Amino acid sequence: MSVPKIKTLKIDGSTGEGGGQIIRTALSLSMLTSIPIEITNIRAGRAKSGLMRQHLVCVQAAQQISNASVTGAHLGSTALSFTPNSIKSGDYSFDIGSAGSTTLVLQTLLPALLFTNTDSSAQSTVTIRGGTHNPLAPTSDFLQQAFIPALTKLGMQVDIECLQAGFAPIGGGIVKATIPPFLRRADSLPFKLIERGELMSVELVASVLNLEYDIGKRELASAQAVLVEAGIDDTLITTRCNKLLGIGEGNTCYAIVTHKVNGQYHPEVFTLLGEKRASAEKMGSRLAGLIKRYLFKTDALMDEYLTDQLLLPLALSGGGEFTARIISQHTETQAWLIEQFLPVEIKFETIDEQRTLVRIVD
């Protein structure tokens, strides 16, 4: 008796925000569902369309872990077909060959390796070389301090290390993820993050790579001064300055804003990358501005980027609901694509001008 052939899902890459996220999410879901895909108009919404190096590495990496058949996997390609086989856990290493984002490649592979099988001993490791702190991508700090704690609430025990920092244009950074398979517990509580509780802490962090340590200290002092002036209790504010290991030069500053929610801690992370034409004081002030917007302009728990990144893990692990500050076109596109593959419904219900309820029902 022949096995019925699974119908290929055709995806228009110009849909919604029309960027690289469509490729990454489609690859993740294709591997997870065994649904073959054809993507056309790849990155049609971008000034330079087609596959760039980091997108190509996403395709090549997905091909390797799922033994997929692929056509159209070359730089500049605007059409791609991907037919996965079974996902294999293991120890993987990938080199982007540029300062392209390691974290975006990792997020392509993470869902597939989490759900590879139910053998608790079959954990995977993924090591990726490239950029760790990129514009328009989550930094390794964001994944470690915001994304991973959110996955932990879902019962996903992922560990991410930044072994070496990499900034544009040189890159040379290294991230390593350890990914045990996800085993959903029968007694797990539903994911529900609706109302903020008490503000527990605001941690300000600045990191420099082969630049003067004083840059980070000035960023922190500027951010702290603005927050105290805004009325935030200075006993809740802590600061930390780091020297990063790596080649090239770079600077980042970020904040971890933690509330108590349903007896648990919920961290939101806000990140900035240093700019040559912006002073340390200006960077610190901008970081404080992001924190003030979150604390004073909305009661939502999730900010824009964590909202976007949580949709897929939630859809795969039984659903849930949370409040979001903003629903971007990026998030709307992500929701649309997930619904093409999975029997879930993703709803965005406006509560008020500054808060939306996101509900994922399977």
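Is R286 buried, partly exposed or exposed? R286 is partly exposed, with a relative accessible area of 33%; buried means under 20%, exposed over 50%, and partly exposed in between (1.4 Å probe, protein chains only). This is a predicted model, in which local features need pLDDT of at least 70, side-chain atom pairs count only at pLDDT 80 or more, and totals for chains, interfaces and linings use all residues. Residues are numbered from 1 along each chain as its sequence is written, and side-chain values use heavy atoms, with hydrogens and water left out.

**Salt bridges overall**
- The model has 11 salt bridges, each defined as a side-chain nitrogen of Lys or Arg within 4 Å of a carboxyl oxygen of Asp or Glu.
- One network of salt bridges links K192, E321, E349 and R359.

**Pairs between strands**
- E203 and R240 form a salt bridge at 2.9 Å, N to O.
- E203 is in strand β10 (residues 199-209) and R240 in strand β11 (residues 237-243), so this pair ties together parts 37 residues apart in sequence; helices (H or I, at least four residues) and strands (E, at least two) are DSSP runs, numbered from the N terminus.
- E203 is partly exposed at 23% relative accessibility, and R240 is partly exposed at 32%.
- In the salt bridge of R359 with E349, the closest N and O atoms are 2.8 Å apart.
- R359 belongs to strand β16 (residues 355-361) and E349 to strand β15 (residues 345-352), so parts 10 residues apart in sequence are tied together.

**Loop to helix**
- E275 and R286 meet in a salt bridge at 3.3 Å, N to O.
- E275 sits in the loop between β13 (264-273) and α6 (280-296), while R286 is in helix α6, 11 residues apart.
- E275 is partly exposed at 41% relative accessibility.
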